[in-house]
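Thank you for sending the model along.

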Amino acid sequence: MAAHGYDSGRLNLPFVGISTFAKSPYVENWDAIDADVAILGAPFDFGTQWRSGARFGPRGIREASTLFAFGHAGAYDHEDDVTYLEGVRMVDLGDADIVHTDTMKSHANIEYGVRKILAAGALPVVLGGDHSINIPCINAFSEQEPIHVVQFDAHLDFVDERHGVRFGHGSPLRRASEKPWVTGMTQLGIRNVSSTAKEGYDYARAQGSDILSVRQIRKLGVDAVLERIPAGKRYYLTIDIDGFDPSIAPGTGTPSHGGFIYYEVLELIAGLAKRGPIVGVDLVEVAPDYDHTGSTAILAAQLLLNTIGRIFINNG
Ligand SMILES: [Mn+2]
């Protein structure tokens with residue numbers, strides 16, 4: 001992580017200063033990315049079909065992330081006896097430019113940013129925005145080695161089209177399944193009403209997708225779930241915050257009861273990082289205006305920092 005000024009005499013407590021992600025250095029020039037991890041905001045929410053507000057997700061997550069930016073060298077975890085994030089060079093690129101009313105242009109601007117991160121050899125970590133922003137993120141991997149997509153979500157997101165709309169927040173995994181560089185999918189936490197219709201489930205399974213609900217995952221246990229994910233792939237991780245239970249993550253557009261708690265997801269991600277490299281991450285659907293305790297944005301920031309920590313322990 002970045003130097004935070006202890007040597008020069010500034011204490012720089014978490015509530016002091018500018019809210020980049022975890023107070024990492026802001027890089028305005030996307031042709032000069034020199035980092036292991038680059039954070040990109042994608043404050044786009046025209047893909048929603050119910051409550052909007054995820055356009056403020058990147059700001060909310062950045063603000064919450066400062067809680068974890070005390071300026072210590074890395075993050076020591078006494079259970080694992082590992083200091084995560086030590087020496088990991090993280091930068092914040094700010095946000096992709098969003099053009100109101102223009103989904104295609106806004107998505108293109110997000111894809112442009114992710115391509116810049118990949119060209120620099122850094123790990124892209126994209127803050128949504130609604131889940132449609134996963135579509136340009138996956139598009140940006142067209143010139144990369146194939147990826148296996150692992151999704152945490154309440155919803156399958158496999159709608160082909162609705163009234164001609166193909167790039168909304170109910171369709172990203174369907175769009176990903178059409179890409180030749182996406183070789184498989186694992187969809188975790190999928191449950192209950194207001195998700196994709198049966199046709200979408202049939203289609204997803206026909207494409208080779210492995211779909212598990214929260215209850216099925218609890219019955220199987222973490223290790224058995226990990227065993228179902230093909231080993232040694234390059235994983236792309238897409239985390240919809242509504243995969244978590246609304247009791248801990250109320251600040252989202254389409255909450256669904258019966259969701260994950262924190263360690264269920266972190267343990268699966270930590271195990272995934274040991275199975276193969278995680279080469280891209282997005283976290284979507286945080287809508288701070290419904291997040292009256294701030295719990296949702298803190299969950300997002302804490303999970304992302306711990307995910308980045310696990311990725312770089314295992315990937316070097
Ligand atoms: Mn979703």
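The points that follow take up the metal site and then the sheet.

1. This is a predicted model, in which local features need pLDDT of at least 70 and side-chain atom pairs count only at pLDDT 80 or more, while totals for chains, interfaces and linings use all residues. Residues are numbered from 1 along each chain as its sequence is written, and side-chain values use heavy atoms, with hydrogens and water left out.

2. The manganese ion has as its protein donors His131 (ND1), Asp153 (OD), Asp157 (OD) and Asp240 (OD), at 2.1 to 2.2 Å. Donors here are N, O and S atoms within 2.8 Å of the metal (3.2 Å for Na, K and Ca), and the site may look incomplete because water is not among the atoms. Along the sequence the spacing of the donor residues is H-x21-D-x3-D-x82-D.

3. Aspartate 153, in the loop between strand S6 (147-152) and helix H4 (172-177), and aspartate 240, in strand S9 (residues 235-240), are 87 residues apart and link distant parts of the chain. Helices (H or I, at least four residues) and strands (E, at least two) are DSSP runs, numbered from the N terminus. Aspartate 153 is buried at 0% relative accessible area, and aspartate 240 is also buried, at 2%, where buried means under 20%, exposed over 50% and partly exposed in between (1.4 Å probe, protein chains only).

4. The open sheet has 8 strands in the order S4-S1-S5-S10-S9-S6-S7-S8, with parallel pairing; two strands pair if DSSP finds at least two bridges between them. Its edge strands, S4 (90-95) and S8 (210-212), each pair on one side only.
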